[in-house]
Amino acid sequence: NEYPDLVIVGAGLFGLTVAQQAVEKLGVNVRIIDVRDHIGGNAYSYMDPETGAEIHKYGAHLFHTSNKRVWDYVNRFTSFTDYVHRVYATHDGEVYPLPINLGTVNQFFRAHYTPAEAKALIEEQAGELAGTDPANLNDQGISLIGRPLYEAFIKNYTAKQWQTDPSELPASIIKRLPVRFNYNNRYFKDTWEGLPVDGYTAWFEKMIDDPRIEVSLNTDFFDESQPYNKRALLEAGVPVVYTGPVDRYFDYDLGELKWRTVDFKEVRYDEGDHFGCPVMNFSDADVPYTRAIEFKNFNPERADQQNPDKTVVWEEYSRFADRDDEPYYPINTEADKALYAQYKQKAAEEPNVVFGGRLGTYAYYDMHNVIDQALTAYEEQIEPMLKKD
Ligand code: FDA
């Protein structure tokens, strides 16, 4: 038969990393299929001709990691800009820095608190519900940072994210709400961060730039009219790495795992810069979207390739996902966790198939997590599977 040594379902970062490793370590032939018309999975981006902005099609993607193995690995395929992620929030007609820090606190209370004074104030305000167990997310938020800051910056934003009043959400959704008692508003704490110099897609193409790796786009693993389908590959015993939804693989026979999704609304402005920053959160209920992304501002180093008179912004609207929506954030209720545990068991019993990535394991991972997991899965599961034949 004409099958390759390994078929990878999904050209996201998990699938690309596995393909790259299999070819480098064993010199095998790999076929990657993806139902979409591009590689890169959710980290895919494209250039917007009108503005020169690099648009992250499935939401803003910032690369950051403290994992040396991952940082060394990704730097083989791209270099990174010196971009440092910072986020601002519009609340009640003013713009504040996030995450909540001493700048946010002092602006909000019109004060000049020292770190110790601010800490004492917030501890006092957080004591409002002292002695009670937070019954819901609202109480939890108040207990963590006090009512004033919680209601200004967290409450309505969370309500928009979940399309649910926080008093009806479980307290467990928010475990921590860090407040920084200094003026550091650098969003990530990782050792390394940046954006790929030539864009995400150039990075991903470099990973699989090898004649032993072939890619079939617009190809659905469950479509039996194409040769790399589930039934045919299983019958032929071809090793498969599957990074699609685990419940879909088993035809949802135990039930459906639940996700949230995001709808993006594109808005174009006849001005060079609309927000003056890449990410603006909207903390209040009167703005229906959670945040807006101004992609040009992720890449200030490309100013000479960008249109000085136009910009493009994507507003994000969050909601529960149906089966046909893009699954973005696992909801992870106790029922979801129990259901996933059952699917995980079935997946482990599936011969010649390794499940991986965010959809294959029902989890939210950042890009660096997924790369790390793919490197480990390659070593521990996939290489042994390939050597068996
Ligand atoms: P991914 O979803 O990327 O790839 C899976 C692929 O499988 C998809 O291309 C899909 O089309 C394909 N597939 C599914 N079913 C198939 C079938 N039946 N047949 C063929 N192909 C099929 N991370 C980070 O580090 N920094 C950030 O800022 C962000 N931001 C962010 C924003 C949003 C809104 C989300 C949802 C996620 C992020 N992430 C992130 C996380 C990042 O997107 C994530 O870590 C990687 O995309 C995961 O890569 P995977 O390969 O696991 O899945």
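Helix H5 and helix H6 are oblique to each other. The scale here is: angles under 35 degrees are roughly parallel, over 145 roughly antiparallel, 65 to 115 roughly perpendicular, and the rest oblique. This is a predicted model, in which local features need pLDDT of at least 70 and side-chain atom pairs count only at pLDDT 80 or more, while totals for chains, interfaces and linings use all residues. Residues are numbered from 1 along each chain as its sequence is written, and side-chain values use heavy atoms, with hydrogens and water left out.

## Helix packing

Two packed helices are described by the angle between their axes and the distance between the axes. H5 spans residues 137–145 and H6 spans residues 147–162. Their axes come within 9 Å and cross at roughly 140°. Axes are lines fitted to C-alpha atoms, for helices over the stretch in contact, and angles run from 0 to 180 degrees between N-to-C directions. Helices (H or I, at least four residues) and strands (E, at least two) are DSSP runs, numbered from the N terminus.

H5 passes H6 in a right-handed crossing (the near helix is turned clockwise from the far one by less than a right angle). Which residues of H5 meet H6? They are Leu137, Asn138, Gly141, Ile142 and Ile145. On the H6 side stand Arg147, Leu149, Tyr150, Ile154, Lys155 and Thr158. Contact means heavy atoms within 4.5 Å. By class, this contact of H5 with H6 has six nonpolar, three polar and two charged residues. Asp, Glu, Lys and Arg count as charged; Ala, Val, Leu, Ile, Met, Phe, Trp, Tyr, Cys and Pro as nonpolar; the others, Gly among them, as polar.

H5 also packs against H4, at an angle of about 150° with the axes 6 Å apart. That makes H4 roughly antiparallel to H5. Ile122, Gln125 and Ala126 in H4 meet Ile142, Ser143, Leu144 and Ile145 in H5. The contact of H4 with H5 divides into five nonpolar, two polar and no charged residues.

## Aromatic pairs

The structure holds 40 aromatic pairs. Rings of Phe, Tyr and Trp (its six-membered ring) pair if their centres lie within 6.5 Å; planes under 30 degrees apart are stacked, over 60 edge-to-face, and the rest tilted.

Phe63 and Trp203 form an edge-to-face pair, 5.7 Å centre to centre with 85° between the planes. Phe63 lies in strand E5 (residues 63–65) and Trp203 in helix H7 (residues 200–207), so the pair ties together parts that are 140 residues apart in sequence. Tyr96 and Phe108 form a tilted pair, at 6.3 Å and 55°. Tyr96 sits in strand E7 (residues 94–98) and Phe108 in helix H3 (residues 102–108), so this pair links parts twelve residues apart in sequence.

Ring pairs also link Phe63, Trp71, Phe80, Trp192, Tyr200, Trp203 and Phe204 into a cluster.

## Backbone and burial

A cis peptide bond joins Leu98 and Pro99, with omega about -15°. Pro99 is in the loop between E7 and H3.

Arg110 is not a glycine, yet has a positive phi of about 50°. Arg110 is in the loop between H3 and H4 (115–126). Tyr362, not a glycine either, has a positive phi of about 50°. Tyr362 is in the loop between helix H11 (357–360) and helix H12 (367–388).

Burial goes by relative accessible area: under 20% is buried, over 50% exposed, and in between partly exposed (1.4 Å probe, protein chains only).

| Residue | Relative accessible area | Class |
|---|---|---|
| Phe63 | 1% | buried |
| Trp203 | 1% | buried |
| Tyr96 | 3% | buried |
| Phe108 | 21% | partly exposed |
| Arg110 | 60% | exposed |
| Tyr362 | 4% | buried |
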